[in-house]
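Here is a short note for someone opening this entry without any background. The points can be read alongside the structure.

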Amino acid sequence: MNSFEFLQSELEEMKKEGTFRQLTPLESDQSARVVINGKKVIQLSSNNYLGLTSHPRLRTAALKAVENYGAGTGSVRTIAGTFTMHKDLEEKLAQFKHTESSLVFQSGFTTNQGVLSSILTSEDVVISDELNHASIIDGIRLTKAARKVYKHVDMFDLERALKESENYRVRVIVTDGVFSMDGNIAPLPGIVELAEKYDALVMVDDAHASGVLGENGRGTVNHFGLDGRVHIQVGTLSKAIGVLGGYVAGPRTLIDYLIHKGRPFLFSTSHPPAVTAACIEAIKVLVDEPQLINRLWENTRFFKDGLAKLGFNTGNSETPITPIIVGDEALAHSFSDKLLEYGVFAQGIAFPTVAKGHARVRTIVTAEHSIEDLEEALNVFEKAGKELKII
Ligand SMILES: *Cc1c(COP(=O)(O)O)cnc(C)c1O
């Protein structure tokens with residue numbers, strides 16, 4: 001059987017360019033140090049900002065939910081798969097985000113897809129930052145709305161796009177709150193100001209900001225003091241929250257509409273009890289243990305300073321996401337391989353996740369790392385960086 005040659009040739013090309021990758025299985029729980037190939041290494045690639053993936057309170061909540069409610073839900077939310085705990089989580093998220101209402105989807109990815117694809121028609125326009133996440137791009141692809149892309153965080157270009165789209169019924173500006181590959185924060189105050197001037201809606205995807213920025217990790221909207229001025233807030237339960245899922249928080253009308261029209265919500269089975277219960281516990285932990293976020297930011301400052309002192313190009317990051325930009329795709333991957341050999345897991349990221357020529361190793365410190373972990377990691381970065389002549 002030889003019918004996949006059309007794919008194989010592309011893969012061969014990737015192997016030649018040094019961009020073909022194997023998956024890297026973990027043999028331990030997700031933590032500051034993880035076991036890979038039988039060896040304990042420092043984890044700098046997860047989105048586990050606060051260490052909640054293996055927090056004792058989340059483990060206990062998940063176990064108790066399995067004992068009381070079983071392993072699965074047996075239905076989509078709209079037929080027979082809404083449990084009281086699903087409603088409980090949504091109430092907690094709405095309270096947390098200071099919105100009227102919220103709705104949980106299977107993932108952050110399907111949240112963006114579901115929201116964008118369902119609320120817009122051919123009479124509308126969506127205006128999107130050029131570096132928005134793939135799930136926003138795919139959501140836009142599924143709408144019949146007109147599309148405009150503005151230059152990354154460029155408010156002059158956003159205003160141009162708004163001026164060019166005065167004839168549409170609804171205009172939606174959509175942006176990542178924190179950009180996942182560079183770690184910079186969207187200029188939300190400027191975006192909101194323009195949206196109010198041109199009567200547009202604002203949708204912010206706070207996947208990398210929830211649990212990280214704002215009071216108790218409420219996200220970029222709260223961080224900038226813009227509560228009540230951003231119409232649609234998307235978040236994920238899979239990153240700082242430590243479990244799985246996505247949600248949209250906003251006015252009741254939006255949520256009621258999505259319950260009837262959000263296709264991933266309608267046509268895909270609801271979260272198992274363990275997932276939902278662990279998410280509920282995670283929101284409580286965010287409120288009860290603000291020291292986790294403080295530690296995350298202390299570690300962030302320490303690690304960023306260390307990398308800058310060593311002379312690495314870390315771009316314009318303002319958050320715990322710190323890229324070490326090396327440019328060449330194959331170099332990024334060999335840098336990552338060398339780091340792993342010396343005891344640090346930091347993935348190389350190349351095209352199509354970032355633009356050609358902007359390949360990087362991306363790091364994310366967590367609240368769980370000790371200063372010793374980070375000092376050791378910096379030594380490894382120095383050694384590997386010098387060997388590959390990156391510094
Ligand atoms: C990770 C990410 C998502 C997807 O979230 P999942 O819950 O992992 O599906 C969406 N948007 C942005 C900006 C992200 O970084």
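1. Helices here are DSSP runs of at least four residues, numbered from the N terminus. The model is a predicted one, and every value below is computed from it.

2. The shell around the ligand holds 15 residues, of which Gly108, Asp205, Thr236, Ser238 and Lys239 come nearest. Helix H4, residues 108-119, supplies the largest share of this shell, with 3 residues. Sorted by class, the shell has 10 polar, 3 charged and 2 nonpolar residues.

3. Which residue places a polar side-chain atom 2.6 Å from an oxygen atom of the ligand? That residue is Ser238. The side chain of His133 has an N or O atom 3.4 Å from a nitrogen atom of the ligand. Gly245 takes part through its backbone, where an N or O atom lies 3.5 Å from an oxygen atom of the ligand. The ligand taken alone exposes 380 Å², and the protein buries 86% of that.

4. H4 also packs against another helix, H9, which spans residues 252-261. The two axes are 10 Å apart and the packing angle is about 95°. Angles of 65 to 115 degrees count as roughly perpendicular, so H4 is roughly perpendicular to H9. On the H4 side the contact is made by Gly114, Val115, Ser118 and Ile119, and on the H9 side by Leu254, Tyr257, Leu258 and Lys261. By class, this contact has 5 nonpolar, 2 polar and 1 charged residues.

5. Thr99 sits in the loop that runs between helix H3 (84-97) and strand E3 (101-105). How far apart in space are Thr99 and Asp227, which are 128 residues apart in sequence? The C-alpha to C-alpha distance is 8.4 Å. With neighbours within four places in sequence left aside, Thr99 is in contact with Ala94, Gln233, Ala249 and Gly250.

6. Two backbone details deserve a look. Most residues other than glycine have a negative phi, and most peptide bonds are trans. Asn37 has a positive phi, near 50°; Asn37 is located in the loop between strand E1 (33-36) and strand E2 (39-43). The peptide bond from Phe351 to Pro352 is cis, with omega near 10°. Pro352 belongs to the loop between strand E12 (348-349) and strand E13 (359-364).

Notes. Residues numbered from 1 in each chain as written. Predicted model: local features only at pLDDT ≥ 70, side-chain atom pairs only at ≥ 80, totals over all residues. Heavy atoms only, no water. Near = heavy atom within 4 Å. Polar contact = N/O pair within 3.5 Å; in protein donor to acceptor, adjacent residues only side chain to side chain. Areas by Shrake-Rupley, 256 points an atom, 1.4 Å probe, with all protein chains shown as cover. Helix = DSSP H or I, 4+ residues; strand = E, 2+ residues; numbered from the N terminus. Nonpolar A, V, L, I, M, F, W, Y, C, P; charged D, E, K, R; others polar. Axes fitted to C-alpha atoms, helices over the stretch in contact; angles between N-to-C directions. Parallel < 35°, antiparallel > 145°, perpendicular 65-115°, else oblique. Contact = heavy atoms within 4.5 Å.
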